[in-house]
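Today I opened my notebook to look at how two chains meet.

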Amino acid sequence: MNKYDFLQIILILGVLIGLAPFLGFYMAKVYEGEKHVLFFLRPIERIIYSFCRIDVKREMNWKEYSKSLIVFNLFGLIFVFLLQITQHTLPFNPEHLPNVPWDLSLNTAISFATNTNWQSYSGEATLSYLTQMLGLCVQNFLSAATGMAVLMALIKGLIRRTTSDIGNFWVDVTRSILYILFPLSIILALALVSQGVVQNFSSYVIATTLEGVKQIIPTGPAASQIAIKQLGTNGGGFFGANSAHPFENPTPFSNFLEMLSILLIPAGLVFTFGKMVKSNRQGIVLFAAKFILLVVALGFALWAEYNVSSQFEGAQWMEGKETRFGITNSIIWSNFTSGASNGSINAAHSSLSPLSGGLAMLNIMLGEIVFGGVGSGLYGMILFVFITVFICGLMVGRTPEYLGKKIEKKEIQMAMLAILLPNAMILIGASLSAVLPHGFQAVLNKGPHGLSEILYAFSSASQNNGSAFAGLGTNTTYYNLFLGLCMLVGRYAVIFPVLSVAGSLAQKKYMPPGFGTFATDTYLFVTILIFVILIVGALTHLPALALGPIVEHLLMLTGKTF
Amino acid sequence: MKASMFERKIFFKAIGDSFIKLDPRSQFKNPVIFITLLGAVITTIIAFKSSEDLIFDIQIAIWLWFTVLFANFSEAIAEGRGKAQADFLKKAKTNTMARLLKDGKETKINASSLKKNDLVVCETGDMIPGDGEVVEGIATVDESAITGESAPVVRESGGDRSAVTGGTRVLSDRIVIQITSEQGNTFIDRMIHLIEGAKRQKTPNEIALNILLSGLSIILLLTVVTLKGFSDYSSQASGEDLSKIVTVPVLIALLICLIPTTIGGLLSAIGISGMDRLIRKNVIATSGRAVEAAGDIDVLLLDKTGTITLGNRMASELYTAPDVMIDYLAQVAMMASSSDETPEGRSIITLIKNRFEMSLPDLFRQRAKPLPFTAKTKMSGVDFTDLNGVLHRIRKGAFEAIQQYIHELGEKIPQQVQDQAAQISKMGGTPLVVVEDERVLGVIYLKDVVKDGIQERFAELRKMGIKTVMITGDNPLTAAAIAAEAGVDDFISEATPELKLMRIREEQSKGHLIAMTGDGTNDAPALAQADVGVAMNTGTQAAREAGNMVDLDSNPTKLIEIVETGKQILMTRGALTTFSIANDVAKYFAIIPALFATLYLANANVGPLAKLNVMNLHSPQSAILSAVVFNALIIIMLIPLALKGVRYRPIGANALLWRNLLIYGLGGVVAPFFGIKLIDMFLVAARLV
């Protein structure tokens with residue numbers, strides 16, 4: 001690593017820290033209905049409400065909120081599914097791509113409804129422009145907005161007292177899209193187009209190379225979709241190669257923008273949280289916990305990646321990386337994308353050194369809370385906060401409370417459920433696939449690396465990340481259905497417990513902090529929170545990781561690679 | 001000697017009970033230990049039916065059984081201590097005869113056939129047959145059977161000391177008691193029930209912790225079960241046969257090491273022993289919930305009289321009017337109080353006797369006509385005819401009463417005396433004005449005596465973060481003075497039962513948790529409304545029924561101990577949970593390399609994962625067995641801590657958290673590395689592996 005590498009790391013982290021609070025405070029205004037910069041869009045908001053017959057003033061309890069969410073997501077899922085299996089007969093299909101098989105369609109529909117964006121297909125070879133734009137691109141917005149709405153419900157549960165109302169789902173979704181996701185996407189899309197990202201409806205270009213070979217160069221409406229895929233922690237690339245593709249991510253500057261936009265909204269939401277609970281410090285400590293987890297993992301991954309070179313006589317470890325980005329930017333991206341539940345990539349994770357690949361996997365396994373998905377990264381984190389507060393509260397001899405709300409049976413029950421189920425899907429899915437022929441036959445590499453491939457796929461699906469380790473042929477009925485199930489569990493087995501907790505918290509009284517209350521806005525708390533997250537993650541996954549990336553790393557030290 | 005015999009008896013009984021508790025129906029309530037029991041059963045079956053290595057598998061099975069038994073033992077020994085106390089109480093319940101009073105006639109009947117509202121007579125030496133109220137007379141009562149305190153207490157009709165408890169004994173005098181509770185539901189009955197744990201229910205906090213522990217256990221169960229798949233894959237991929245190493249007993253051993261057996265095993269012992277510690281402090285709580293709620297209390301309301309101050313006011317100073325000699329005032333004051341039998345009156349005589357070495361001549365008594373205190377005049381005194389035949393009308397009374405009395409005689413209280421009286425009120429005292437005929441002689445300062453050491457106790461409460469509020473019927477001026485002297489944070493003056501109730505509701509609506517101590521019938525609504533209501537045992541039956549705790553020592557600052565106990569129960573649970581989970585780190589470092597050290601052998605004898613064997617344990621078998629043995633032994637080693645509780649210090653929540661994290665978190669990570677290594681060395685030396 002040279003000084004330019006360090007400079008780039010400091011630059012991206014610095015810009016992130018600089019922008020996040022501003023965006024966060026702006027989003028708080030949006031959700032609280034206060035006056036803000038884009039207030040002139042209010043008429044549009046009103047038109048949407050009157051068109052959809054949404055009564056803005058009608059508050060929902062957690063069950064009504066959940067029902068609206070199910071209807072909304074289920075409708076989206078079915079729509080994307082139908083779009084795919086009929087795309088051949090629909091317009092905007094210049095390449096005349098055939099209908100997508102049902103299992104792949106289902107997998108993709110689930111994938112985009114759950115904000116996972118796991119891709120068992122290669123975009124340019126499988127999906128028509130219509131499917132990409134009307135199906136996937138729209139879902140990119142809607143699934144992101146769903147995550148943000150759930151977070152808003154939880155925040156309302158925390159700040160409201162003795163009520164069963166946790167807000168209005170439709171209002172939260174509308175505001176998320178209209179004032180946050182949409183404007184940011186337009187800005188980013190324009191910036192990306194300026195860097196050379198394609199945006200057109202043309203047929204694929206056929207070129208003849210110098211050797212006289214005909215080459216098909218896919219194009220399409222990419223920039224608009226890439227913008228939201230990055231901002232909404234979706235991650236589903238327009239092209240199969242995702243952001244390693246020169247039309248998705250042509251320049252170092254576009255790379256910088258795309259990396260930044262992975263974390264921008266999740267980081268901003270932490271400040272929104274602080275603002276809305278009327279204690280910026282409470283937001284800052286959560287930001288600190290997430291930031292520390294991110295930077296430590298990034299540091300280790302960089303160390304591991306650069307250290308590989310020493311094993312191979314100083315050669316740069318460039319396999320699977322784009323030369324225009326280099327090692328440092330590939331590792332920053334891999335940590336950002338795995339931490340943030342984004343899932344887009346600009347380098348092949350399978351080709352990373354065993355430890356940095358393993359760290360990306362661990363980031364995902366921790367529950368997608370290292371900033372995590374939009375909304376989901378913070379509500380997932382708050383579940384860990386409940387567990388931490390509970391243990392700490394016991395240790396100081398006081399019934400645990402967070403932000404003045406008692407953490408009791410219901411909160412612990414739901415937090416454990418939400419932490420347990422996605423992890424259970426990782427373990428069960430990966431373990432079965434490691435022994436069932438349907439599972440391990442898809443593995444392209446041997447030894448511990450093959451196990452990592454399976455483990456990564458199930459982690460990515462179950463925690464709604466969506467990135468792939470590569471090296472695993474997952475477009476089979478077995479994987480499409482199994483991973484689809486994992487994505488559903490990973491998304492909704494967290495969302496519904498969170499909403500139920502929001503309902504339970506809203507009904508509680510506020511307890512003023514006293515002498516015996518331990519503060520949740522201190523660095524002691526950040527430390528304990530980090531340890532709780534790491535211990536839960538490590539205890540659950542250490543044996544599997546030991547047989548995958550850890551043993552692969554130790555073998556590499558003896559000169560054996562896979 | 002006797003105590004150790006006692007302990008030994010409990011000890012042996014607990015060993016027996018540990019086996020009785022293996023009944024799956026009772027194990028099922030504790031998910032972590034239930035999983036351990038299943039593990040032990042499966043391992044035993046495998047060891048005898050299809051073992052690859054009988055000696056090794058049997059050793060694992062034995063230690064798994066020990067883990068379950070140790071957990072049962074901790075619960076049994078906690079229960080045993082309570083049972084011993086219950087047995088002691090039962091002795092007080094021996095069948096007594098009651099002297100039933102009906103239509104003025106006494107009949108002897110069996111105490112068990114007494115009904116509510118029956119009247120019974122108790123005289124010197126009689127056992128009080130049931131809970132009741134004294135409706136007539138005054139007596140000293142030995143309540144050592146329930147309080148353990150040998151000093152007798154006074155019980156009298158009317159007022160706040162009218163409640164008597166069945167099973168206690170009258171030491172002197174005669175009282176008539178109205179029975180207030182049916183047999184089988186008396187105070188002692190309920191105490192026995194509580195102590196025996198028959199009615200013990202899990203507290204909300206305990207339930208939440210159980211959910212956390214169960215959740216963790218399920219995750220870890222999945223981790224271990226799925227490890228079989230990962231291990232089979234790796235076995236295939238590396239061409240190394242693991243089937244002799246990764247056996248079912250070994251996987252079960254790994255599972256039991258990982259799930260939080262330490263806290264799971266000690267969880268119920270912590271709760272039971274917490275209640276038991278309270279009983280030793282002479283507090284009977286009606287539910288564990290109330291005890292844990294006590295740990296969260298942040299406002300304490302106390303009744304002034306009898307709790308903050310001694311029940312009676314004492315004369316402490318005399319102040320003369322202008323042109324009156326102090327000796328003269330003293331003598332007249334003594335005369336005025338000569339027939340006053342109230343504690344205040346007696347305290348005036350005592351003060352003057354001690355300070356002025358005066359006594360009343362015998363002659364005085366013959367010539368004095370006492371005028372007792374009446375509610376109407378609010379004065380008392382004597383009419384005294386001296387040797388010259390002159391009548392002296394000597395009076396003493398409250399300031400307002402004397403003012404009116406003097407006014408009717410056409411006089412006024414001198415300004416200096418008025419100022420003095422106001423000053424006394426301001427200091428929290430009561431001024432008694434002494435007059436002879438129409439001449440005001442001076443003021444007696446009756447002082448409310450704040451109990452010894454009460455300030456320190458309140459300071460301690462403040463350190464725990466508890467605000468103290470004094471409730472009194474006094475006027476605001478007096479109340480403020482006493483509040484300042486006692487060191488309470490706030491006071492409510494001129495309080496009525498409604499006002500008390502209102503204040504509690506108001507604080508509760510602000511989210512505070514309120515404790516209230518009281519003894520009078522008029523405290524009962526407030527005691528019932530408070531989150532923690534501690535009734536004094538000397539109080540009325542109504543008060544004792546209303547609260548959710550009874551303090552047998554009738555010590556209002558007992559709340560400090562109650563709060564401490566509540567906090568200790570939570571802290572012990574938290575500390576052991578942290579310790580239990582922190583232990584897993586070392587266990588992974590013992591077991592993972594033991595299982596997989598042979599994978600992906602290149603040219604060497606040991607595979608890459610052997611590097612994780614940082615403890616340098618002897619062999620895979622010794623590593624696994626050491627972890628299991630450590631896991632079982634740690635339960636036994638922590639039983640004393642579970643029974644005693646983690647110590648609470650009022651040093652603030654963050655400092656306390658740091659402290660406990662260092663001890664139980666960091667300690668929990670480090671300790672097993674040494675423990676497992678030592679056990680490994682021992683097992684190797686003893687050739688057990």
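I started with the area: chain A and chain B bury about 5,200 Å² between them, with 78% of it on carbon and sulfur atoms. Buried area is the accessible area (1.4 Å probe) that two parts lose on being put together, summed over both. Within the share of chain A, A:Met395, A:Phe515 and A:Leu539 supply 15%, more than any other three residues.

A note to myself: this is a predicted model, in which local features need pLDDT of at least 70, side-chain atom pairs count only at pLDDT 80 or more, and totals for chains, interfaces and linings use all residues. Residues are numbered from 1 along each chain as its sequence is written, chains are lettered from A and ligands numbered from 1 in the order in which they are written, and side-chain values use heavy atoms, with hydrogens and water left out.

Next I looked up the predictor's scores for the complex and found an ipTM of 0.93 and a pTM of 0.87.

How many residues are in contact? I found 60 residues of chain A in contact (heavy atoms within 4.5 Å) with 60 residues of chain B.

Then I looked for salt bridges (a side-chain nitrogen of Lys or Arg within 4 Å of a carboxyl oxygen of Asp or Glu). The count between the chains is one, and A:Lys406 and B:Asp296 form it with their side chains, at 3.6 Å from N to O.
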